[in-house]
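Biologist: I am new to this structure and would like to learn how to read it. Could we go through it one feature at a time?

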Amino acid sequence: MTDLTDWFLAALPLYGPWLVGLTTLLSCLALPVPSSLMMIAAGAFVASGDLALAPVALAAFGGALMGDQIGYVIGRKAGHLLPPPGSKRAALITVALEKLAQNGAVAVFLSRWLFSALGPWVNLAAGASGYGHTRFTLADVAGELVWVSAYIGLGMVFGANLDAAADLAGNVLGLITAGAVAIGLGLWLARTLRRPAKDSDQAPAPATTGD
């Protein structure tokens, strides 16, 4: 663990839900804070009785929503602040815009927890592209509920070993991602295999000559 992560974990018993909410907010603004690990650790403190579940969950959820909304507003009101073309962050914005164009609310929902590295950039891209605020917020709320529930729940179950809980979270998300990719490839393959059959069915019948 890095020194920054160690500091956050050491400060968690002192500041409790306030620190959890701050880390989820900052992480949704693309700042490098250990938000997922903090939620796991907070879940462990909940299991031990040192913290209460409701304040921790509300703080994590509220911080994440606030960070997402700030990112959306920045994208909408200050598009000139987005990363310059050619930079690594600009590439992430481009990917986020493509995801939004292809999948809309699904992209927002999945980027909250499954593809969380894209989350802050999807927020900016949604605002900059004029994506509907209501649709963004509904998908955002659903996705953050999954993120917060999953990580705090992992901490409550496996909190005695934070590293094991973090590894389990990564493995589960990896399996879900692999499964989603496999399903997507299967659907694409099935569609591709059906297409020639449809084309042949619609082909004109060969002309016949009378006897």
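Predicted model: local features only at pLDDT ≥ 70, side-chain atom pairs only at ≥ 80, totals over all residues.

Biologist: Is Arg112 buried or exposed?

Modeller: Burial is judged from relative accessibility, and buried means under 20%. Arg112 has 3%, so Arg112 counts as buried.

Biologist: What does the side chain of Arg112 make a polar contact with?

Modeller: One partner is the side chain of Ser111, at 2.8 Å. A polar atom of the Arg112 side chain also lies 2.9 Å from the backbone oxygen of Val108.

Biologist: Val108 and Arg112 are both in helix 5. How should I read positions along a helix?

Modeller: An α-helix has 3.6 residues a turn, so residues three or four places apart point the same way.

Biologist: Which residues is Arg112 in contact with, leaving aside neighbours within four places in sequence?

Modeller: The list includes Asp68, Gly119, Val122, Asn123, Phe136 and Trp147. Of these, Phe136 and Trp147 are among the buried residues of helix 7.

Biologist: At what angle do helix 5 and helix 6 pack?

Modeller: Helix 6 covers residues 119–129, and the two helices pack at about 150° with their axes 8 Å apart. An angle over 145 degrees counts as roughly antiparallel, so helix 5 is roughly antiparallel to helix 6. In this contact, Val108, Ser111 and Arg112 of helix 5 meet Gly119, Val122 and Asn123 of helix 6. By type, the residues of the contact are two nonpolar, three polar and one charged.

Biologist: Is Phe45 buried or partly exposed?

Modeller: Phe45, in helix 2 (residues 35–48), has 22% relative accessibility and so counts as partly exposed. Not counting residues up to four places away, Phe45 touches Leu12, Pro13, Asp50 and Leu51. Phe45 and Gly16 are 29 residues apart in sequence, with their C-alpha atoms 9.2 Å apart in space.

Biologist: How many helices and strands does the chain have?

Modeller: There are eight helices and zero strands. Of the 211 residues in the chain, 37% are buried. Among contacts between residues at least 6 apart in sequence, 75% join residues at least 24 apart.

Conventions
Residues numbered from 1 in each chain as written. Heavy atoms only, no water. Buried < 20%, exposed > 50% of the residue type's maximum accessible area, 1.4 Å probe, protein only. Polar contact = N/O pair within 3.5 Å; in protein donor to acceptor, adjacent residues only side chain to side chain. Contact = heavy atoms within 4.5 Å. Axes fitted to C-alpha atoms, helices over the stretch in contact; angles between N-to-C directions. Helix = DSSP H or I, 4+ residues; strand = E, 2+ residues; numbered from the N terminus. Parallel < 35°, antiparallel > 145°, perpendicular 65-115°, else oblique. Nonpolar A, V, L, I, M, F, W, Y, C, P; charged D, E, K, R; others polar.
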